[in-house]
Amino acid sequence: MFASAVVDLRAPRQALPTSARLALLHAAAPGPEVIAELAAIDVTTLGGYDQVVLLQTWERQRHWLDAATQPVLTAVGGPDPGEKDWGREEIAAALALSKMTAGRRLDTARQLTAVLARTLDALRAGQLSYYHAAHLAAETAALPDTLARRVEALALPHATGTVGRAGEGLGAFRRTVARAVLTVDADHTDRNHRNLIGDRTVRSYNTGAGTATVTAENLPADKAALVMAVLRARAAKTGPDDPRSRDQRLADAYLAIFEDAHDRLDLPLQHGRRPVTSLVFDFPSWAGLANSPGYLDGYGPIPAAMARRIADESDLRRLITDPLTGHLLDSSPRTYRPSQALADHTIDRYRTCDAPNCNRPARSCDLDHTQPFSHHGTTTRANLHPVCERDHPLRHEGGWQLSRAPDNNNTTWTSPTGHTYTTTPWDYRPLE
């Protein structure tokens, strides 16, 4: 990382060569004065060496700004998470972050401001990165405050560096923190194992160009080994003419397991249907007259050519939209529980949870009445939207309010602090 230094920025230095001025700024404590001078430097006029120094100096300012953000995050989210920790919803909506990312940032801020004061000071001085600070905060969060500070005392000098020794990179610092935790709490490994197992999950990430990555996190080691053993067994070569690489066979074996499971008849229903994936694109693109991207449920936009190929080769639900409005047709049942047609339409209309910055697939959400059914709310397109299990109780427990625009079905969410965030149904029109 960066060594600390005291530099008097009030001394005249306009007459100094740019390299000399940059060296002074690099050694100075980060803050507004340094940022103002850095902003006036044209990177294209610098040589390669000074460009790297400029990058390092800007990075120190970023660490200073990260430190300044921590008490603000704690104030907005509240120092005490409470049972449901509704503060993260405000942060997620205000910063256009996912709930998970907002929660991680809030947890880090609380730990740095309440427990790891020395780490926050080092971040403010630009001596270590936010990633170092966030990792130390995450690894000490489950420890009593006294033990967390002992871990900090052991690990922090390795990140900030000392005279004659540079600070550790993030990978080496992770190992240092692990050793420090075990040093102060010999039982941590077993307890941490149980905690991680409790956080096990599976996630899917859009990696672009019509591909995705699926990860299974925090699985028990023996179960993970079982998964890989089964995949390796199923990934055996089919014959000498099999052109696939070993990695490709493993990926195909993984997909085949779920294709087999999907064909079973005993899978649970979601809103009246077996697990199903929908492919949506407009009529001109479906007919080959245009090339607007399609939308694959659970993934996102895909190229038109790929959408046409999938439509021809698979049994996905194919939904064709009006290219002028970008909307689907409607259905309006009169009962509390929506008909299958209305449930399908609502899910296809929104694609994801209707809460601000929530990307939970609509298929796994509740279909909520924006105006409660018990208060004369109707089971219609205009009054239904998908809300995930986390966001569903926002109105009743989290202090949020919402209203619905009758002309376009936009939903306005008002947070407990009075800030408003507007969400809209999915727009299937092509980008222009």
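This note sets out numbered points on a predicted model.

1. Basis. Local features need pLDDT of at least 70 and side-chain atom pairs count only at pLDDT 80 or more, while totals for chains, interfaces and linings use all residues. Residues are numbered from 1 along each chain as its sequence is written, and side-chain values use heavy atoms, with hydrogens and water left out.

2. Helix 3. Gly 78 follows helix 3 and has a positive phi, near 90 degrees.

3. Thr 108. This residue is found in helix 5 (residues 99-114). Thr 108 counts as buried because its relative accessibility is 8% (buried is under 20% relative accessible area, exposed over 50%, partly exposed in between, with a 1.4 Å probe and protein chains only). Between Thr 108 and Gln 70 the C-alpha separation is 7.9 Å, although they are 38 residues apart in sequence.

4. Seven bridges join strand 1 (residues 201-208) to strand 2 (residues 211-217) in the antiparallel sense (strands pair if DSSP finds at least two bridges between them). Val 202 stands opposite Ala 216 of strand 2. Two residues lie between the strands, and Ala 209 takes a positive phi near 55 degrees.

5. The second largest pocket. Ala 216 is also among the residues nearest the centre of this pocket, together with Val 227, Met 228, Leu 231 and Tyr 254; the lining has 17 residues. A pocket is an open set of points on a 1 Å grid over the protein atoms alone, where a 1.4 Å probe fits, with protein on both sides within 12 Å along at least five of seven lines; lining residues have an atom within 4 Å of a point. Strand 2, helix 11 (221-234) and helix 12 (246-262) each supply at least two lining residues. The lining comprises 15 nonpolar, one polar and one charged residues.

6. The sheet of strands 9, 10 and 11. These three strands form an open antiparallel sheet in the order 9-10-11. Strand 9 (401-404) and strand 11 (420-423) are the edge strands, each pairing on one side only. Four bridges join strand 9 to strand 10 (residues 411-414), and Arg 404 has Thr 411 as its bridge partner in strand 10.

Terms used: Ala, Val, Leu, Ile, Met, Phe, Trp, Tyr, Cys and Pro count as nonpolar, Asp, Glu, Lys and Arg as charged, and the others, Gly among them, as polar.
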